[in-house]
Amino acid sequence: MLLHDTALIYGRYLRQSLRSRFALLFGVLMPLLYLLFFGPLLTDLPLGGTGSSWQVLVPGLLLQLGLFGASFAGFSVIIEQGQGVVERMRVTPVSRLALLLGRVLRDATVFVFQAVLLVLAALVMGLRAPLPGVLIGFAFVALLTVSLASLSYALAMKVRTPQEFGPAINAMTMPMMLLSGLMLPMTLGPTWLDVLSHFIPFRYLVDAVRDAYIGSYATAHMLYGVLVALAFAALAVTVGTRVFRTAGA
């Protein structure tokens with residue numbers, strides 16, 4: 001029943017996304033602009049470690065796509081609450097876990113699709129990365145999306161208004177972006193900033209995907225990245241399901 005219910009919810013929201021092709025394409029616009037206008041500035045610069053500047057920048061842009069896109073996914077729940085959609089769903093016998101999983105799996109599908117478009121554009125601009133590494137990057141985007149979308153929906157069920165939701169999300173995502181080394185490796189900064197960044201779980205995902213893009217799979221960065229991504233996803237889905245079960249419509 002859980003699989004059946006999840007498939008129903010997933011199909012409903014995926015059809016909504018497919019009907020909005022404008023939003024699908026413009027969701028990838030910001031990372032694409034970074035790729036086009038910021039990427040060429042890094043060419044031939046010493047960024048530390050191994051790999052080209054594209055192998056440093058593109059993994060960060062992939063995870064940036066998941067970070068900002070999934071974090072703001074909760075806006076749709078706020079709209080649905082105002083229209084009574086959430087209330088009508090909650091009175092059905094559908095599993096509360098399915099109500100969450102259907103949404104976050106739709107989000108993961110959308111952002112992985114956008115990640116594919118971003119990588120294709122990066123290949124045209126000069127990115128060279130092994131296929132297994134590119135696929136690993138997509139897997140990390142999916143896991144990050146599931147995690148952050150689950151927490152975003154949970155927060156949206158609690159705050160209820162866009163005026164409360166937007167600033168709260170900005171307050172959480174900006175430190176994650178600045179301290180995770182999305183744009184440039186944190187090792188380029190002062191020691192205190194590099195040390196501080198290790199307290200941001202997002203940092204480990206960025207390092208893991210960058211290792212994957214240079215073909216290094218059996219590394220400490222990869223191990224820590226996988227463990228953090230899986231643990232974060234499990235925790236976020238648990239929190240999101242609990243909120244969907246207990247929060248008022």
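Helix α11 (residues 202-213) of this predicted model has 12 residues, which at 1.5 Å a residue should span 16 Å. The expected span is 1.5 Å times one less than the number of residues. The end C-alpha atoms of α11 are 17 Å apart, which agrees. Helices are DSSP runs (H or I, at least four residues), numbered from the N terminus.

Of the 12 residues of α11, 11 are buried, so the helix is largely enclosed by the rest of the structure. Buried means under 20% relative accessible area (1.4 Å probe, protein chains only). The buried set comprises Phe202, Arg203, Leu205, Val206, Asp207, Ala208, Val209, Arg210, Asp211, Ala212 and Tyr213. Their cover includes α4 (53-71), α7 (96-125), α8, α9, α10 (191-197) and α12 (220-246). Just after α11, Gly215 takes a positive phi of about 85 degrees.

Helix α8 (residues 131-159) and helix α9 (residues 162-179) meet at an angle of about 150 degrees, with axes 10 Å apart. Axes are lines fitted to C-alpha atoms over the stretch in contact, and angles run from 0 to 180 degrees between N-to-C directions. That angle makes α8 roughly antiparallel to α9 (over 145 degrees). In the contact (heavy atoms within 4.5 Å), Leu148, Ser152, Leu155, Ala156 and Val159 of α8 meet Glu164, Phe165, Ala168, Ile169, Met172 and Met176 of α9.

Residues are numbered from 1 along each chain as its sequence is written. Local features need pLDDT of at least 70, side-chain atom pairs count only at pLDDT 80 or more, and totals for chains, interfaces and linings use all residues, while side-chain values use heavy atoms, without hydrogens and water.

Key:
Helix = DSSP H or I, 4+ residues; strand = E, 2+ residues; numbered from the N terminus. Parallel < 35°, antiparallel > 145°, perpendicular 65-115°, else oblique. Buried < 20%, exposed > 50% of the residue type's maximum accessible area, 1.4 Å probe, protein only.
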